[in-house]
Amino acid sequence: MNYDTLVLGAGIVGICTALHLQRLGQSVALIDRDGAGEGTSFGNAGLIERASVIPHAFPHGLGRLLRYAANRRSDVRYAPGALPRLAPWLARYWYHSSPSRLAAAAQMMLPLLERCLEEHAELTREAGCAALVRRGGWVEVYRDAGELDLAQAQAATVGALFSLDFEVLEDQALRALVPAIEPTVVGAVHWRDPHSVSDPGALTKAYAALFVARGGALLRADAMALRQAGDQWGLASELHGELRGANAVIALGPHSAELTARLGLSIPLAVKRGYHMHYAIDERLAPRLPLLDKPGGYILSPMTRGMRLTTGVEFAAFDAPANTIQLDRAEALARRVLPLGVRLDAEPWLGRRPALPDMRPVIGPVTRYPGLWLNFGHAHHGLTLGPVSGRLLAELITAHAPVVDPSPYAPARFERRR
């Protein structure tokens with residue numbers, strides 16, 4: 001079967017790429033071994049993150065490094081046995097996290113973040129799933145007065161620099177917004193710009209259903225079989241025969257590195273592992289908006305299945321067994337923020353955020369391989385940037401004027417021969 005483009009990966013980024021290519025007149029096959037939205041797109045915290053304009057950086061400063069080295073924190077944990085293999089990537093991450101480079105990365109990511117709300121709004125309207133999206137932002141809670149004062153100063157600086165809407169909430173104002181907040185919380189910063197999603201998996205599947213309803217082909221096949229086939233790209237599949245396309249897009253999220261390595265590309269992708277667990281909560285006490293405990297490094301999000309606690313970052317081998325240490329630490333802190341009930345899931349969900357050391361995704365062509373395109377590496381912003389990243393790549397593939405300057409995300413910055 002012949003298509004204009006084969007999009008490999010039915011997560012939020014791949015689905016949005018396929019939708020925008022379809023909108024621009026292409027015939028598209030969206031290919032994954034699993035169903036739509038069953039990987040990282042299913043398990044995230046559900047934030048459409050307009051306010052997180054400063055990328056998640058590697059800590060600088062000896063004091064902070066020593067605190068993380070002790071490996072007792074809830075926001076970041078590492079498996080010691082994984083460090084030798086991860087060390088080169090972590091060194092590059094540390095390099096790009098210097099103050100000047102972090103500021104540059106923030107400016108380069110800003111054009112994408114500035115469009116995230118409107119790009120999602122258009123797709124949710126077309127897919128008929130706007131009811132899954134909440135407005136009103138999220139609330140950054142603090143259990144220490146000194147940390148709240150520092151957060152207030154930082155919010156004032158970032159808010160003014162990036163034109164973000166926020167409010168500092170002290171005792172009465174905070175409890176008016178979140179009546180069930182525990183007394184240990186001394187205050188919060190309410191970021192009003194972001195939106196949040198009550199079921200990220202359902203949102204992703206709704207986008208995929210829109211693609212199929214408009215005539216797109218959603219196919220199950222092993223993307224790792226991709227190969228050059230003359231002047232096209234080919235993929236043999238057991239169920240659908242030989243699939244061909246003039247273009248192929250690698251949008252496999254954390255699995256992208258396996259395929260790019262097979263093709264001889266040196267894209268330094270690593271994964272930031274993370275967990276989620278759902279908890280029962282009295283509906284009368286459930287907050288309307290997500291709560292971020294920034295010092296604790298976790299998010300509590302109201303979902304259709306109770307309160308979802310999403311952890312921070314775990315650095316471990318890709319396929320290492322799940323480890324509940326980080327979740328247990330975060331849960332202990334979360335119970336000091338909200339009156340959480342019992343766990344609702346038999347096991348924690350384990351996901352993998354695909355990350356690049358310079359804190360920018362790769363979106364664009366592979367110069368060595370005509371017709372091969374990349375769209376992955378969005379780290380903590382996969383859900384947030386799926387629609388605008390999909391639109392940008394679709395416009396590049398079809399030679400339309402790009403919605404933003406694509407040069408900061410070009411794969412060429414990593415390309416070299418092995």
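**Ground rules**

The model is predicted, so I took local features only at pLDDT of at least 70 and side-chain atom pairs only at pLDDT 80 or more, while totals for chains, interfaces and linings use all residues. Residues are numbered from 1 along each chain as its sequence is written, and side-chain values use heavy atoms, with hydrogens and water left out.

**Entry 1: cores**

I looked up the largest nonpolar core. A nonpolar core is a set of buried Ala, Val, Leu, Ile, Met, Phe, Trp, Tyr and Cys residues joined through side-chain atoms within 4.5 Å. Buried means under 20% relative accessible area, exposed means over 50%, and partly exposed is in between (1.4 Å probe, protein chains only). Which members touch the most others? They are Ile15, Leu112 and Tyr207, in a core of 59 residues. I then listed the contacts of Ile15 (contact means heavy atoms within 4.5 Å). Leaving out residues up to four places away in sequence, Ile15 touches Gly9, Ala10, Leu30, Ala36, Gly37, Thr204, Tyr207 and Ala208. A second, separate core has 30 residues, including Ile31, Ala217, Leu219 and Ala248.

**Entry 2: aromatic rings**

I searched the whole structure for aromatic pairs and found 6. Rings of Phe, Tyr and Trp (its six-membered ring) pair if their centres lie within 6.5 Å; planes under 30 degrees apart count as stacked, over 60 as edge-to-face and the rest as tilted.

Phe42 and Trp349 have ring centres 6.0 Å apart and planes at 65°, so I wrote down edge-to-face. Phe42 is in helix 2 (residues 40–43) and Trp349 in strand 19 (residues 349–355), so this pair ties together parts 307 residues apart in sequence. Helices (H or I, at least four residues) and strands (E, at least two) are DSSP runs, numbered from the N terminus. Phe42 is partly exposed, at 32% relative accessibility.

Next came Phe166 and Trp191. Their ring centres are 5.3 Å apart and their planes at 40°, so this pair is tilted. Is Trp191 buried or exposed? Trp191 is buried, at 7% relative accessible area. Phe166 is partly exposed, at 24%.

I also noted a cluster: ring pairs link Phe58, Trp89, Tyr93 and Phe315.

**Entry 3: charges over rings**

A charge sits over a ring if NZ of Lys or CZ of Arg is within 6 Å of the ring centre and within 35 degrees of the ring normal. The charged end of Arg73 sits over the ring of Tyr68, 4.6 Å from the centre. Arg308 lies over the face of Phe42, 5.8 Å from the ring centre.

**Entry 4: helix packing**

I checked the partners of helix 12 (residues 382–397) and began with helix 5 (residues 99–114). Axes are lines fitted to C-alpha atoms, for helices over the stretch in contact, and angles run from 0 to 180 degrees between N-to-C directions. The two axes are 9 Å apart, at an angle of about 95°. That makes helix 5 roughly perpendicular to helix 12. Angles under 35 degrees count as roughly parallel, over 145 as roughly antiparallel, 65 to 115 as roughly perpendicular and the rest as oblique. On the helix 5 side, Met109, Leu112 and Leu113 make the contact.

The axes of helix 6 (residues 116–127) and helix 12 come within 8 Å and cross at roughly 80°.

**Entry 5: positive phi**

Most residues other than glycine have a negative phi. Asn71 has a positive phi of about 60°. Asn71 is in the loop between helix 3 (62–69) and strand 4 (76–78). Ala399 also has a positive phi of about 60°, and I found Ala399 in the segment after helix 12. Ala399 is exposed, at 70% relative accessibility.
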